[in-house]
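Please look at the sequence and the structure below. The text that follows goes through helix packing and then salt bridges.

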Amino acid sequence: MTKTQIRDIITKIHFYLLGFALLNFALKSTIEISLNYRFSYFITLLVYASGIILFLWNLKPFKKIGIYFSFYAFTPILTLLFWLFGGIFFGILASIVLYPIQPNYIELEKNDFVIYQKAQGFLGSCCPYEITEKQFFVLEKRMKEVNLNNEIEFSDNSIYTSNGKTELKIRFEKYQFLENNLRERDTIILIKTE
C-alpha cells in the first residue's frame with residue numbers, strides 16, 4: 001500500500017465515524033435513544049485522533065482540506081493555553097471547542113440505570129443530571145433530566161424499584177430566602193413506571 005492509499009483509508013474512516021457520531025447526536029436529540037455513552041465517547045476520540053493524523057498528513061503540501069482538519073489539531077493547543085494562562089477568554093474558547101469531547105461524569109450506575117452529571121463548560125449552570133436506562137447492550141434511552149440547581153450526592157440506595165415504579169430518592173440542600181438558611185430536603189423523583 002502506498003502512502004496515498006493509507007491516507008485515503010484513514011480519511012474514509014474519519015468521515016464514516018464523524019457521520020456515525022452526528023447520527024448518534026441527532027437520534028439522541030430527537031428520539032432520545034443513543035449509543036452507550038462509553039461507546040459513543042470512544043467513537044468521538046477516534047474522530048479526533050484521525051483528524052489530528054490527517055492534519056499532520058495534509059500539512060506538506062498544504063491542501064484546503066487541511067483547514068478542516070486543523071480544528072482537531074488546535075483543540076489540544078487551546079486546552080494547553082487554557083490550563084497555562086487561565087482567564088475568561090481562554091475559558092470561553094476552550095468551552096466552545098472542547099464541548100464535543102468533554103465527557104459527562106457518571107455519578108451512579110445501578111441495575112440498568114445510569115446517572116450522568118452533564119458537562120456544562122466553563123460558564124455553564126450548576127449540576128444538571130441525566131438519567132438513562134440501558135437498552136440491549138449498546139443503546140441507552142434517556143428517561144429523565146433533573147436540574148435542582150444544586151449538587152446532589154447519590155448513594156447506592158438512591159435508585160430503587162417498588163410496586164412497578166422506579167424512583168430516585170435524593171437529599172439536597174435548598175436555600176430558603178425568607179429564613180436565610182440552607183435546609184436539607186428529601187425528594188423522590190419518579191423515573192419509570194412499568
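Arg7, His14, Leu17, Leu18 and Asn24 are the buried residues of helix 1, where buried means under 20% relative accessible area, exposed means over 50% and partly exposed lies in between, with a 1.4 Å probe and protein chains only. Helices are DSSP runs of H or I with at least four residues, strands are runs of E with at least two, and both are numbered from the N terminus. This is a predicted model, in which local features need pLDDT of at least 70 and side-chain atom pairs count only at pLDDT 80 or more, while totals for chains, interfaces and linings use all residues. Residues are numbered from 1 along each chain as its sequence is written, and side-chain values use heavy atoms, with hydrogens and water left out.

The buried residues of helix 1 pack against strand 1 (33–35), helix 2 and helix 3 (65–85); contact here means heavy atoms within 4.5 Å. Helix 1 has 28 residues, and at 1.5 Å a residue it should span 40 Å, which agrees with the 40 Å between its end C-alpha atoms. The expected span is 1.5 Å times one less than the number of residues. Just after helix 1, Glu32 has a positive phi of about 60°.

Two packed helices are described by the angle between their axes and the distance between the axes. The axes are lines fitted to C-alpha atoms, for helices over the stretch in contact, and the angles run from 0 to 180 degrees between N-to-C directions. For helix 1 and helix 3, the angle is about 60° and the axes are 14 Å apart. Helix 1 is therefore oblique to helix 3, since angles under 35 degrees count as roughly parallel, over 145 as roughly antiparallel, 65 to 115 as roughly perpendicular and the rest as oblique. On the helix 1 side the contact involves His14, Phe15 and Leu18, and on the helix 3 side Ile65, Tyr68, Phe69 and Tyr72.

Helix 1 and helix 2 pack at an angle of about 145°, with their axes 9 Å apart. Their crossing is left-handed. Among the residues in contact are Ile10, His14, Leu17 and Leu18 of helix 1, and Ile43, Leu46, Val47 and Leu54 of helix 2.

Which residues are linked in a network of salt bridges? They are Lys28, Glu32, Glu130, Arg142 and Glu145. A salt bridge is a side-chain nitrogen of Lys or Arg within 4 Å of a carboxyl oxygen of Asp or Glu, and by this rule the count comes to six. In one of them, Glu130 pairs with Lys28, with 3.9 Å between the closest N and O atoms. This pair links distant parts of the chain, 102 residues apart: Glu130 lies in strand 4 (residues 128–135) and Lys28 in helix 1 (residues 3–30). Glu130 is buried at 4% relative accessible area, whereas Lys28 is partly exposed at 31%.

Glu145 and Arg142 also meet in a salt bridge, at 3.4 Å from N to O. Glu145 is partly exposed at 41%, and Arg142 is partly exposed at 26%.

Another salt bridge joins Arg38 and Glu109, whose closest N and O atoms are 3.2 Å apart. Here too distant parts of the chain are linked, with Arg38 in helix 2 (residues 37–57) and Glu109 in strand 2 (residues 105–110), 71 residues apart. Arg38 is partly exposed at 47% relative accessibility, and Glu109 is partly exposed at 34%.

Methods: A crossing is left-handed if the near helix is turned anticlockwise from the far one by less than a right angle, and right-handed if clockwise.
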